[in-house]
Amino acid sequence: MVKQAAKKIPTGGDVENFSDHLELLALMGRDFAASMDIEETLNKGLARITRHLNAVGGALFLLDETGEKLCCTSCSGDTEITGLTLGGDEGIVGYCVQNNIAEIVRDVTKDPNFQQAVDKQTGFVTKSILCAPMSVHDQCIGAIELVNKVGGDGLFSEADLQLLQALSSSAALAIINARMAEALVEQERVKRELELAAEIQRSLLPDKRSESFPVHGVNLPARMVSGDFYDFFPLDDGRICFNLADVSGKGMNAALLMAKTASLFRCLGKTIHEPGLLLAKINAEICETATRGMFVTMVGGVYDPKTGHVRLANAGHEPPLFHDANGAFTALPAEAPPLGISPLLVEDGGFPETELDLKGGTLYVFTDGLTEGYVEDGSELQVDGLKKLIEENAALSAPKRLDAIIARINRDDQALRDDLTALIIEDSAQPEMLALHPGVEIIPSDGAGGEKQLKLKLKFPSQPNRLKLVRSLVSATAELCGCGQEASQDIVLAIDEACQNVIRHAYKDEPNGEIILEIRHNEDEMIILLRDFAKTVDTAVIRPRELDDVRPGGLGTHFIREVMDEVAFMPPPEDGGNLLKMVKRISHET
Amino acid sequence: MKHDITEKNNVTIVSLVGDVDLESSPEARKILMECVNLNRPVLVNLSGIGYIDSSGVASLIEALQTARKRDGEFALVKVSDGALRVLQLARLDKIFTIYDTVEDGLAGVS
């Protein structure tokens with residue numbers, strides 16, 4: 001096997017002589033391609049060129065961003081003029097750059113373009129100049145100038161000029177590449193920052209709730225960040241505070257004002273429960289610091305799932321749409337200007353409020369990104385189109401219906417025209433069910449002391465047909481306390497089974513017994529107390545059945561013990577009856 | 001609770017929809033027993049069940065036991081997540097034959 005030694009390409013700046021010009025070109029090309037530091041590589045390249053062409057000194061000039069000035073960025077040999085700035089058309093360098101041609105001035109004393117001022121400053125005596133523009137196609141970015149040849153008559157030749165031209169072009173390409181790479185890195189950095197901003201924005205939106213929760217929302221930004229937002233959160237008394245807003249404009253400035261307004265709403269909304277006052281307060285804050293010309297339209301309100309009652313204030317926003325249980329639509333137009341226009345426009349009492357009872361109907365709040373979004377045929381959806389979509393998808397659950405509506409605008413074949421945001425509040429018609437089930441009484445908590453943990457207190461007769469309503473109230477309460485879907489289902493099952501036991505075994509199907517249910521909630525557990533007034537049951541005889549024994553009956557007690565963390569029959573109360581305590585530990589869906 | 005009874009390939013398919021609880025389980029029991037008494041294979045479609053409690057499960061067990069005494073086929077199809085969870089709590093998910101689709105059920109009991 002014959003080993004053929006590859007021709008060694010010299011590396012480093014210590015190699016002085018190359019066998020031919022091509023070797024220098026190859027070496028410089030490689031240096032430029034591999035360079036991470038363009039300035040350093042240019043310094044090295046210029047030194048090689050200067051030595052290879054036997055010049056006494058060399059200088060590299062680059063045009064500045066305006067194209068009007070030439071600045072010396074690198075020098076080698078005996079001339080040191082780094083930092084020297086010339087006019088774009090000054091001197092031999094300027095002439096070469098302006099005309100994009102290479103020049104050889106064998107004897108400077110005979111050239112009218114030569115600037116003697118530099119020599120006077122530096123004390124250097126220029127005899128002969130070689131100058132080639134650094135250009136790729138028609139784009140000239142500067143020039144390389146060599147002065148005085150070592151030895152002989154000290155004058156350059158035509159062959160020297162040709163070689164310098166080739167080397168300059170290669171340097172030009174390297175600089176242009178490096179500048180493009182820098183721009184790409186910058187672009188990438190801006191994109192990453194936008195992605196981070198978008199992530200922060202998404203974190204300002206509330207978490208998705210399970211299907212049975214009455215409020216759901218969606219926010220799709222047209223660009224990376226959004227000027228729209230929505231939010232909702234339960235208050236201590238079980239009501240739900242909600243809002244949806246649209247900041248004027250798109251892009252980063254809108255996104256920042258959105259973040260500010262969203263934070264103000266969440267923070268102030270926890271203590272101010274009157275929507276009109278809340279919006280007035282946010283308005284005052286935004287006005288104090290707002291950027292000229294930017295404003296926010298907002299619908300903010302409070303919904304009570306127990307009664308279906310909604311109180312809302314509309315500051316210059318698209319009218320929310322109320323779809324009542326009979327299928328009729330009502331728009332709720334704004335009665336106040338957008339937030340951030342003027343603190344003086346608003347009266348002392350706050351923004352005007354609208355009140356309505358959902359009575360099993362649904363409230364839709366949305367931005368114009370929805371109604372002005374394009375449907376398949378290229379026309380805008382408009383409010384009429386939205387009403388039709390709502391009717392077409394009436395059979396779906398609230399979050400699925402919302403998804404179906406959004407899907408008509410947010411299609412793969414078309415970019416969103418504007419940020420698209422919508423909020424749905426679906427009332428589960430409990431008041432109507434209450435009317436159908438006389439005898440189930442919601443006992444309000446007086447909020448005093450230890451009663452703070454009390455989330456639901458119900459009194460109802462020992463009749464099976466009351467259980468459906470009890471289950472739906474328990475489910476809503478569990479959801480509001482932050483239980484996940486499975487935990488809510490477990491609590492519903494345990495309470496339902498415990499009520500059955502009371503009806504069937506304690507009251508022995510006697511329909512006029514009274515049952516009192518209490519649900520308390522502290523940080524990580526739900527405590528359920530079930531009280532009846534029947535003859536005290538001997539708890540020793542109550543036990544779950546053997547599971548191997550497949551037969552009807554006896555399963556209820558087993559279910560309760562299976563899904564609850566603690567089940568205890570409390571000592572019989574003084575005035576008789578039975579008291580069952582059940583505890584379910586919950587992990588919060590934050 | 002609502003229900004619907006159809007017949008296909010000599011198999012009775014009964015769908016229970018809504019909540020099967022203390023209030024409605026006597027009706028569910030009656031419907032299931034009527035189906036079993038037709039002396040044909042029975043498929044119970046539970047895809048529309050929102051809530052089922054121990055009394056509802058008891059109705060299913062009673063129907064299953066009656067059918068088995070007569071060597072009749074009795075199976076559940078398309079059991080909703082909520083109903084399956086309750087069957088699992090009762091460890092009955094292995095006692096009942098459960099099919100994912102009506103077609104599978106028809107092939108299984110015919």
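**Entry 1: terms and model.** I noted that helices (H or I, at least four residues) and strands (E, at least two) are DSSP runs, numbered from the N terminus, and that two strands pair if DSSP finds at least two bridges between them. The model is predicted, so I kept in mind that local features need pLDDT of at least 70 and side-chain atom pairs count only at pLDDT 80 or more, while totals for chains, interfaces and linings use all residues. Residues are numbered from 1 along each chain as its sequence is written, chains are lettered from A and ligands numbered from 1 in the order in which they are written, and side-chain values use heavy atoms, with hydrogens and water left out.

**Entry 2: the sheet of chain A.** I looked up the strand order and found six strands in an open sheet, β3-β2-β1-β6-β5-β4 of chain A, with antiparallel pairing. At its edges I found β3 (85-87) and β4 (103-105) of chain A, each pairing on one side only. From one strand to the next the twist averages 25 degrees (axes are lines fitted to C-alpha atoms, for helices over the stretch in contact, and angles run from 0 to 180 degrees between N-to-C directions).

I then followed β1 (residues 55-63) of chain A, which is joined by seven bridges to β6 (residues 139-149) of chain A and runs antiparallel to it; there, A:Gly57 has A:Val147 as its bridge partner. Seven bridges also join β1(A) to β2(A), again antiparallel, and A:Gly58 is partnered with A:Ser76 in β2(A). Five residues lie between β1(A) and β2(A) in a hairpin, and A:Gly67 in its turn has a positive phi of about 80 degrees. Further along, three bridges join β2(A) to the antiparallel β3(A), where A:Leu86 is the bridge partner of A:Leu70.

**Entry 3: helices across this sheet.** Which helices of chain A lie across β1, β4, β5 and β6? I found α3 (residues 91-99) of chain A, which lies across these strands and also β2 (69-77), at about 145 degrees to β6(A). I also found α5 (residues 158-204) of chain A, which runs at about 35 degrees to β5(A).

**Entry 4: the sheet of chain B.** Here I found five strands in an open sheet, ordered β1-β2-β3-β4-β5, with mixed pairing. Its edge strands are β1 (2-8) and β5 (97-99) of chain B, each of which pairs on one side only. Strand β4 (residues 74-77) of chain B runs parallel to β5(B) and is joined to it by three bridges, and B:Ile98 in β5(B) is the bridge partner of B:Leu76.

**Entry 5: where the chains meet.** I read that 25 residues from chain A and 21 residues from chain B take part in the contact (heavy atoms within 4.5 Å). The two chains bury about 2,000 Å² between them, 61% of it on carbon and sulfur atoms; this is the accessible area (1.4 Å probe) that two parts lose on being put together, summed over both.

How many salt bridges cross the interface of chain A and chain B? I found five, a salt bridge being a side-chain nitrogen of Lys or Arg within 4 Å of a carboxyl oxygen of Asp or Glu. One is formed by A:Lys468 with B:Asp19, whose closest N and O atoms are 3.1 Å apart.

On the chain A side, I noted that α12 (467-480), α13 (485-506) and α14 (555-563) each supply at least two residues that touch chain B, and that α13(A) gives the most, with nine residues.
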